[in-house]
Amino acid sequence: MILDTIVADKKIRLIEHKKHSSLEEMKRLAEEVYREEHLFYQALKKEGISIIGEFKKASPSLGNIDSKINLTTRMEEYNVSVDAVSCLTEEDHFSGSIDYLEQVRKLTELPILRKDFMIDAYQFYEAKAFGADAVLLIAAILDDGQLKDFYQLAGFLGLDALVEVHDENEMERALKIDADIIGVNNRDLKDFTIRLETTKRLSSMVPKEKVFVSESGITKDADVKFLKECRVDAFLIGRSFMESENPKELAAQWKKL
């Protein structure tokens, strides 16, 4: 399964990262960074639908993405249209980089989600040091102990955590650690097919006080209307914005539906 390959490659990358900067050095850098806590949570919890605009260059399912505008212009548009930013930092399969997170931080005051395959405590300190406000925890790649420990570590560092699930079992695990922000990925990680019905199916399990996010496969008006009926609080949108020449207009259009 591609997920296993991504995690295996991430372990190799982490060896390189730690050679460049030790865990102790990364902890020191993280301690030097101060940002108000829970900005990401607040951006999604507010009244009305919230949008997380993503920055990514590629994905295993799409290959290289044909971005119509450069990073600076994209962030200028995001700054006046979306509520938070997701930045892909995975190198081998999404062409991401921790350096992109640093660049995005300099271009926006919006809360930033570091979107990566978080499997080591080092990555959480790294996320903090490079300007993230939140991290992604993918239930499918973490056991119960890791999920709980990493969720607590994120909180200790003042980072929000978006806990991503794909099925009922993973949803139960997210609820067990009392995750404040739960995201449903509509993309099947085994075959990469998109099923927006996944959000609908799992929506009944999400307590009203939680922030509920729908991720992947949102490409047209009908998708937005369908998911709004599923009582989601926020959308995470990547490809549609990356391939749009006017993500600002697209975000405004979808918020009005």
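The exercises below concern a predicted model.

**Exercise 1. Surface and burial**

Determine how much accessible surface the protein has, and what share of its residues count as buried.

*Solution.* The accessible surface of the protein comes to about 11,500 Å². Carbon and sulfur atoms account for 48% of that area. For burial, the cut-off is a relative accessible area under 20%. By this criterion, 55% of the 257 residues are buried.

**Exercise 2. Overall form**

*Solution.* Begin with the secondary structure: the protein has 12 helices and 10 strands. Along the principal axes, the C-alpha atoms fill a box of roughly 50 × 40 × 35 Å. Turning to contacts between residues at least 6 apart in sequence, 68% join residues at least 24 apart.

**Exercise 3. Strand E5**

Identify the residues on each face of strand E5 and state whether they are buried or exposed. Then describe how E4 pairs with E5.

*Solution.* In a regular strand, side chains alternate between the two faces of the sheet. Strand E5 spans residues 112-115, with Ile 112 and Arg 114 on one side and Leu 113 and Lys 115 on the other. These four residues are all buried, and both faces of E5 are therefore covered. Strand E4 (residues 84-88) runs parallel to E5 and is joined to it by 4 bridges. Within this pairing, Leu 88 stands opposite Lys 115.

Definitions and conventions
Residues are numbered from 1 along each chain as its sequence is written. This is a predicted model: local features need pLDDT of at least 70, side-chain atom pairs count only at pLDDT 80 or more; totals for chains, interfaces and linings use all residues. Side-chain values use heavy atoms; hydrogens and water are left out. Helices (H or I, at least four residues) and strands (E, at least two) are DSSP runs, numbered from the N terminus. Buried means under 20% relative accessible area, exposed over 50%, partly exposed in between (1.4 Å probe, protein chains only). Contact means heavy atoms within 4.5 Å. Accessible areas come from the Shrake-Rupley method with a 1.4 Å probe; for residues, only the protein chains shown count as cover. Two strands pair if DSSP finds at least two bridges between them.
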